Amino acid sequence: MATVHDVAAYILVKAAPMSAMKLQKLCYFSYGYHLAWEDRPLFAERFEAWANGPVAPELYSKHRGRFELKRGDIDGNPTELDDQERESVDIVLENMRVYSAHELSEMTHRTGPWVQARERAQAPDLERSNEPLLDEEIADFFGALAEHEEQRG
C-alpha cells in the first residue's frame, strides 16, 4: 500500500508547484474518492480535523513552515501507487486542480467527515483539533458525492 508521502509525491509530479495547503486537500480528496470507488484506503495514515480542514500530520511534518512545494519536495515514491490508486488520484487532479487551496478547504468545511470530527471533539472555530476523521464517515460522504456526480452525468 502506498503512503501519504507516496501520494503527495505523485501529486507533485503531476501538478507542482502548489501550496502545502492545497497538497493536503488534494491528498484528502484523493483518499476520500479512492475509498468510495475502490472500497479500500489509499494509504494507512489518518487525517485529523485541524482548523483549516483535514490534515495528515505525517505529511504536515514534511512540509511544515513551507508555503510552496515543488516536484521532489516530499520524500515519497510515486511508483508505489498501483493502477487503481493512480487512476483515483488522476481523476481527482483532473477535476480539482483548478481550485485554490482556500476553495478546497472551504469544500471540506461545509459538511461531512471534517465537520463530524470537529463536532465530536467539540472544537471551536479556528481551534486546532487532533480528532481523527473516520474512514466510515469518509466512505459514506464520498460515496454519496460520487453517486450524485454520476447521476448528474
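Predicted model: local features only at pLDDT ≥ 70, side-chain atom pairs only at ≥ 80, totals over all residues.

Reader: What makes a space a pocket rather than a cavity?

Author: On a 1 Å grid over the protein atoms alone, a cavity is a set of points where a 1.4 Å probe fits but cannot get out, whereas a pocket is an open set with protein on both sides within 12 Å along at least five of seven lines. Lining residues have an atom within 4 Å of a point. Grid points are joined across faces, edges and corners, and the volume is the space filled by probe spheres set on the points. The largest pocket holds about 460 Å³. It is lined by 19 residues, and those closest to its centre are Tyr-33, Met-96, Met-107, Leu-145 and Glu-149.

Reader: Which elements supply the lining of the largest pocket with at least two residues each?

Author: They are helix H2 (20-38), helix H4 (83-96), helix H5 (101-110) and helix H7 (135-152). H7 gives the most, with 6 residues. Such elements are DSSP runs numbered from the N terminus: helices are H or I with at least four residues, strands E with at least two.

Reader: How is the lining of the largest pocket divided by class?

Author: There are 12 nonpolar, 4 polar and 3 charged residues. Ala, Val, Leu, Ile, Met, Phe, Trp, Tyr, Cys and Pro count as nonpolar, Asp, Glu, Lys and Arg as charged, and the others, Gly among them, as polar. The second largest pocket holds about 270 Å³. Of its 13 lining residues, Met-21, Trp-50, Asn-52, Val-55 and Tyr-60 are the closest to its centre. H2 gives the most to this lining, with 4 residues, and the classes are 6 nonpolar, 4 polar and 3 charged.

Reader: Why is Glu-137 called buried?

Author: Buried means under 20% relative accessible area, exposed over 50%, and partly exposed in between, with a 1.4 Å probe and protein chains only. Glu-137 has 18% relative accessibility, and therefore counts as buried. This residue belongs to helix H7.

Reader: What makes the approach of Glu-137 to Arg-120 a polar contact?

Author: A polar contact is a pair of N or O atoms within 3.5 Å; within protein, one must be able to donate a hydrogen and the other to accept it, and residues adjacent in sequence count only if both atoms are side-chain atoms. The side chains of Glu-137 and Arg-120 make such a contact at 3.0 Å. Leaving aside neighbours within four places in sequence, Glu-137 is in contact (heavy atoms within 4.5 Å) with Pro-113, Gln-116 and Arg-120.

Reader: Why is the pair of Tyr-33 and Phe-142 called edge-to-face?

Author: Rings of Phe, Tyr and Trp (its six-membered ring) pair if their centres lie within 6.5 Å; planes under 30 degrees apart count as stacked, over 60 as edge-to-face and the rest as tilted. The structure holds 11 aromatic pairs. For Tyr-33 and Phe-142 the centres are 4.9 Å apart and the planes stand at 70 degrees, so this pair is edge-to-face. The two residues lie 109 residues apart, Tyr-33 in helix H2 and Phe-142 in helix H7, and both are buried. The rings of Trp-50 and Tyr-60 also have centres 4.9 Å apart and planes at 70 degrees, so they too are edge-to-face.

Terms used
Residues numbered from 1 in each chain as written. Heavy atoms only, no water.
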